[in-house]
Amino acid sequence: MCALPFHIWTFVLAFRDFSWVSDRTNSWDSIGVLSYGLIYALIESIVVFIIIVILGFLVSKKWEENRRITLLSLFIIILSIWAMVSHLYFLMEVSPPPQVINIIIGFTHPLRSIYAITFSLLASTFLIPSYLILQLKKPYQFIKDGLDQFSLLMTLYLFFDFAALIVILIRNIRG
């Protein structure tokens, strides 16, 4: 699960840039950009996997192994979604509506309010799924089954990583 969100995001960004890179040079360069992105996503996934394995030792052994793995996998997905949303915020040059800004400015300590709102939102996106996975059987099974389906998709992305490695080797050998 560590690799899935990075690869999906790499494809989203690569296909977003594919046309202008092709127009600027050619399609082979666009494939090269995608290939470098996929290799970077693979390396990033390996680093995150190592971090998650280390963090896995902090999860209580009170819960069965599958619940702990499901919990950590879901944490990776939630964290990745937050990172994607943050990235999209700047890519699409979106700003909050003026009404929201005026409400926040009206607080005595606007910066503290922003931090409190952000912390509450972040905490709820991690605490609610944690409770569902660790305490309730049906939500745990539903989330576990969904993650199992996504892991099947990840095997396809590993094939693309192998193809990207070949493309990079060909591009570097040909000069």
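Modeller: The nonpolar patch on the surface is formed by Ile-46, Phe-49, Ile-50, Val-53, Ile-54 and Phe-57, which together have about 620 Å² of accessible area. Patches are built from residues with over 30% relative accessible area and no salt bridge, like charges being joined within 9 Å and nonpolar side chains (Val, Leu, Ile, Met, Phe, Trp, Tyr) within 5 Å. Accessible areas come from the Shrake-Rupley method with a 1.4 Å probe, and for residues only the protein chains shown count as cover. This is a predicted model, in which local features need pLDDT of at least 70 and side-chain atom pairs count only at pLDDT 80 or more, while totals for chains, interfaces and linings use all residues. Residues are numbered from 1 along each chain as its sequence is written, and side-chain values use heavy atoms, with hydrogens and water left out.

Ile-50 counts as partly exposed because its relative accessibility is 46%, where buried means under 20% relative accessible area, exposed over 50%, and partly exposed in between (1.4 Å probe, protein chains only).

The largest nonpolar core has 18 residues, of which Val-48, Ile-52 and Ile-133 touch the most other members. Such a core is a set of buried Ala, Val, Leu, Ile, Met, Phe, Trp, Tyr and Cys residues joined through side-chain atoms within 4.5 Å. Two or more residues of this core come from each of helix 2, helix 3 (65–91), helix 5 (110–135) and helix 6 (137–174), and helix 3 gives the most, with six residues. Leaving out residues up to four places away in sequence, Ile-133 touches Arg-67, Thr-70, Leu-71, Leu-74, Tyr-140 and Ile-143; contact means heavy atoms within 4.5 Å. Another core, of 11 residues, lies apart from the largest one and has Ala-3, Ala-14, Leu-38 and Ala-164 among its members.

Arg-171 pairs with Asp-29, the closest N and O atoms being 3.4 Å apart. Arg-171 lies in helix 6 and Asp-29 in helix 2, so the pair ties together parts that are 142 residues apart in sequence. Asp-29 counts as partly exposed, at 22% relative accessibility. Lys-144 forms a salt bridge with Asp-148, and here too the closest N and O atoms are 3.4 Å apart. Both Lys-144 and Asp-148 lie in helix 6, four residues apart, about one turn of the helix.

As for the whole chain, its secondary structure comes to six helices and zero strands. Its radius of gyration, taken over C-alpha atoms, is 20 Å, whereas a compact globule of 175 residues would have a value near 16 Å; the globule rule is 2.2 Å times the number of residues to the power 0.38. Of the 175 residues, 31% count as buried. The chain exposes about 12,000 Å², and carbon and sulfur atoms supply 73% of that area.

Note on methods:
A salt bridge is a side-chain nitrogen of Lys or Arg within 4 Å of a carboxyl oxygen of Asp or Glu.
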